[in-house]
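Welcome, and thanks for taking a look at this one with us. Please open the structure below and keep it in view as you read.

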Amino acid sequence: MADLETRELRYFVAVAEELHFGRAADRLGIAQPPLSRAIRLLERRLGVQLLDRDRRGAALTDAGRVLLREARAALDAVAAAERRTRRAGDPKRPLVLVTKAGASHELLRRLLDALAGEPPVEVLLCEVGEQAHRLRDGQADVALMHRPYDDLAGFDTADLRVEGQVVILPAAHPLAARDQLTLAEVSDVPGLPIARWPRLDGTYPDGPGPEVRTQSQLAQLVALGKCLLVIRASSRAWQWPEHVAVPVVDAPDVTTVLAWQRSSHSPAVAALVRSAALVADRPA
């Protein structure tokens with residue numbers, strides 16, 4: 001059997017996501033009959049039925065659901081390979097470093113100062129949990145990430161900082177006057193639930209706290225007295241005047257790391273990693 005082609009995978013993903021051949025054809029900019037023929041040919045080549053069809057549209061079979069998952073991953077990998085190849089072929093391009101907006105600001109500033117423009121670095125700011133995707137799809141060369149919260153699977157890493165955590169509270173709340181707190185004391189505060197960040201798979205844990213995706217959302221919700229959050233101590237950099245940070249003495253440590261693709265052979269990435277080692281915090 002001949003290998004699957006990216007064109008066939010794109011066609012199938014469009015139909016699988018739209019569950020309607022007409023809408024999928026419009027999305028792809030082609031006529032519906034050749035799209036239908038292409039999907040039937042794909043099914044014959046694979047020897048499985050991918051879609052159940054009726055007059056109202058289509059539904060995925062078990063085999064179709066598997067191919068949709070695998071096709072998305074394959075198309076993402078092809079797109080990432082193209083981006084990384086184009087970037088590698090441009091010797092004048094800057095390295096792209098991706099980091100959460102507002103995260104590890106002081107450490108990032110020290111790293112950029114140590115590099116002094118060699119190699120040149122472009123900083124790409126993102127929201128929570130996006131760094132791994134940007135590295136894998138070729139949009140970025142390196143990332144500042146945080147263990148154990150970020151997805152580090154498949155990356156090489158260099159540890160830069162280990163730190164404790166604090167709870168960010170509304171300044172007017174009675175707990176804001178404490179010198180330190182425990183996880184038990186902040187996990188069930190009446191009227192002040194813990195904000196819920198998305199997990200690595202994009203879903204949210206159960207709980208009464210509001211769902212947040214950005215630090216700006218979180219900052220305003222805490223200032224309004226709607227929630228609290230336990231977070232790395234260095235996140236105090238984005239505190240508002242209406243916030244107070246109190247150390248949480250039994251919270252697990254968080255490690256800030258520099259991450260990059262294991263397959264990278266870039267001299268510029270290697271130079272950045274060497275500079276990161278120079279600015280990493282050392283234990284006393």
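Does Leu125 count as buried or exposed? Leu125 has a relative accessibility of 52%, and because the cut-off for exposed is over 50%, Leu125 counts as exposed. Please bear in mind that this is a predicted model. Leu125 sits in strand S4, which covers residues 121-126. Together with Leu112 and Val123, Leu125 forms a nonpolar patch on the surface. The accessible area of these three residues together is about 220 Å².

**The overall picture**

Stepping back, the protein is built from nine helices and ten strands. Its radius of gyration is 24 Å, well over the 19 Å that the globule rule gives for 284 residues, so the protein is more spread out than a compact globule. Along the principal axes, the C-alpha atoms fill a box of roughly 70 × 50 × 25 Å. Of the 284 residues, 42% are buried. The protein exposes about 15300 Å², and carbon and sulfur atoms supply 53% of that area. If we take contacts between residues at least 6 apart in sequence, 66% of them join residues at least 24 apart.

| Helix | Residues | Buried residues |
|---|---|---|
| H2 | 21-28 | Phe21, Gly22, Ala24 and Ala25 |
| H5 | 105-115 | Leu107, Leu108, Leu111 and Leu115 |

Where do the buried residues of H5 fall, seen down the axis of the helix? They lie within an arc of 100°, so they line one face of H5. The face of H5 turned away from this buried side carries the exposed residues His105 and Asp113. As for what covers the buried residues of H5, the list includes strands S3 (95-100), S4, S5 (142-147), S6 (155-163) and S10 (254-261), along with helix H9 (267-279). Strand S4, then, is part of the cover over H5 and is also the strand in which Leu125 is found. Just after H5 comes Ala116, with a positive phi of about 55°.

In H2, the buried residues are Phe21, Gly22, Ala24 and Ala25. They cover an arc of only 165° around the axis, which puts them on the same side of H2. Which elements do the buried residues of H2 pack against? Their partners are helix H1 (6-18), helix H3 (32-46), strand S1 (51-54) and strand S2 (57-60). H2 is followed by Gly29, whose phi is positive, near 75°.

Technical notes: Residues numbered from 1 in each chain as written. Predicted model: local features only at pLDDT ≥ 70, side-chain atom pairs only at ≥ 80, totals over all residues. Heavy atoms only, no water. Patch = residues over 30% accessible without salt bridge, like charges linked within 9 Å, V, L, I, M, F, W, Y side chains within 5 Å. Areas by Shrake-Rupley, 256 points an atom, 1.4 Å probe, with all protein chains shown as cover. Salt bridge = Lys/Arg side-chain N within 4 Å of Asp/Glu carboxyl O. Helix = DSSP H or I, 4+ residues; strand = E, 2+ residues; numbered from the N terminus. Buried < 20%, exposed > 50% of the residue type's maximum accessible area, 1.4 Å probe, protein only. Arc of directions from axis to C-beta. Contact = heavy atoms within 4.5 Å. Rg over C-alpha atoms; globule rule 2.2 N^0.38 Å.
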